[in-house]
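I'm going through a structure and jotting down what I look up.

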Amino acid sequence: MALTLYVDTARWRAHQQSVIQQFPGIIPVCKGNGYGFSNERLAEEVTRMGADTLAVGTTYEAARIKDYFSGDLLVLTPFRLGEEPVPLPDRAIRSVSSVEGVRGLVGARVVIEVMSSMKRHGISEEDLPKLHAAIEDVRLEGFAIHLPLDHADGGSGVDEVTGWMERLRNAHLPLHTMFVSHLKADELRELQQRFPQTRFRARIGTRLWLGDHDATQYRGAVLDVTPVAKGDRFGYRQQKAPGDGYLVVVAGGTSHGVGLEAPKALHGMMPRAKGVARAGLATMNRNLSPFVWAGKQRWFAEPPHMQVSILFVPNDAPAPQVGDELEAHLRHTTTQFDRVVDH
């Protein structure tokens, strides 16, 4: 009995192909938990695509994935002086976000990240004159910019990339390749038209692997069903059942990522009101689970355990049976499945 990721493989790959067609020269991104699929699985998919480069998050991920993908490995986390050395093949390309970092990678293949409005990391405009001497000692693969998802000032990703292209050109730095993130297909085309001598390469993860929500589904198997009456004690903390119904033990707990949720940026009054309501219910030990039964998302009976969750299903709904599977609304990037089933 397991928490299973079901993949409509043909539909999932059809979506991948649609993204590849929109972004010529795409660099697929495989990092973290592999967007819920595992990085090893995604590396195999990238090989199927015929992509020449795969982007990973860290040097440790690059070391683990190098035996699953034979092309270039672009490490997205910038190099830092004094970092732990990780043995990598020559086909590894390091991102760098400082002049000192470039100087510390003599002979290496590098991509230089410029500071975007994300303000996360990157070379500043003031540092550009210092790069001329530094890049003579490395194999420069190009420059890169990581854009925000939203542009609150009314600008656009195209405007921001264009601004940096002009700064780099004015500094007489090579502009043969620019690596970009979070651009739409039409924005990429516009940039390619504006700068025909530069090759723009989009680094894409979420849109490539998770863009078709209906291609995948998580389901947890029902392991046990126990009838309870209102007031019956149960669980680790011996709480009282809120009413007559069933305690349903389902595969999927904290080790799978169930019950763990990343913070979200809320926009608008309605999402904020819902967030306040959820917080209020949580103070009374009422937390909505990701599991769905009989058309409704069901409440946790108590906080999820390591490998299972216990749900309360009231007696106005049919009782699940052992072996049934409950659909689970889980975030791919925080979920670890027991098994994957392609169909």
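This is a predicted model: local features need pLDDT of at least 70, side-chain atom pairs count only at pLDDT 80 or more; totals for chains, interfaces and linings use all residues.

In which loop does Lys-119 lie? I found Lys-119 in the loop between β6 (109-114) and α5 (128-134).

Phi of Lys-119 is near 55 degrees, which is a positive value in a residue other than glycine. Then I checked accessibility: Lys-119 has 66% relative accessibility, and the cut-off for exposed is over 50%, so Lys-119 counts as exposed.

Another entry on phi. His-182 also has a positive value without being glycine, with phi near 65 degrees. I placed His-182 in the loop between β8 (177-181) and α7. Its relative accessible area is 36%.

On to the helices. Two packed helices are described by the angle between their axes and the distance between the axes. I looked up both for α6 (residues 157-170) and α7 (residues 185-194): the axes come within 10 Å and cross at roughly 30 degrees. Angles under 35 degrees count as roughly parallel, so that's my label for α6 and α7. I also noted that their crossing is right-handed.

Which residues make the contact? On the α6 side I listed Gly-157, Val-158, Val-161 and Thr-162. On the α7 side I listed Glu-187, Glu-190, Leu-191 and Arg-194. Sorted by class, the contact of α6 with α7 has three nonpolar, two polar and three charged residues.

How values were computed
Residues are numbered from 1 along each chain as its sequence is written. Side-chain values use heavy atoms; hydrogens and water are left out. Axes are lines fitted to C-alpha atoms, for helices over the stretch in contact, and angles run from 0 to 180 degrees between N-to-C directions. Helices (H or I, at least four residues) and strands (E, at least two) are DSSP runs, numbered from the N terminus. Angles under 35 degrees count as roughly parallel, over 145 as roughly antiparallel, 65 to 115 as roughly perpendicular and the rest as oblique. A crossing is left-handed if the near helix is turned anticlockwise from the far one by less than a right angle, and right-handed if clockwise. Contact means heavy atoms within 4.5 Å. Ala, Val, Leu, Ile, Met, Phe, Trp, Tyr, Cys and Pro count as nonpolar, Asp, Glu, Lys and Arg as charged, and the others, Gly among them, as polar. Buried means under 20% relative accessible area, exposed over 50%, partly exposed in between (1.4 Å probe, protein chains only).
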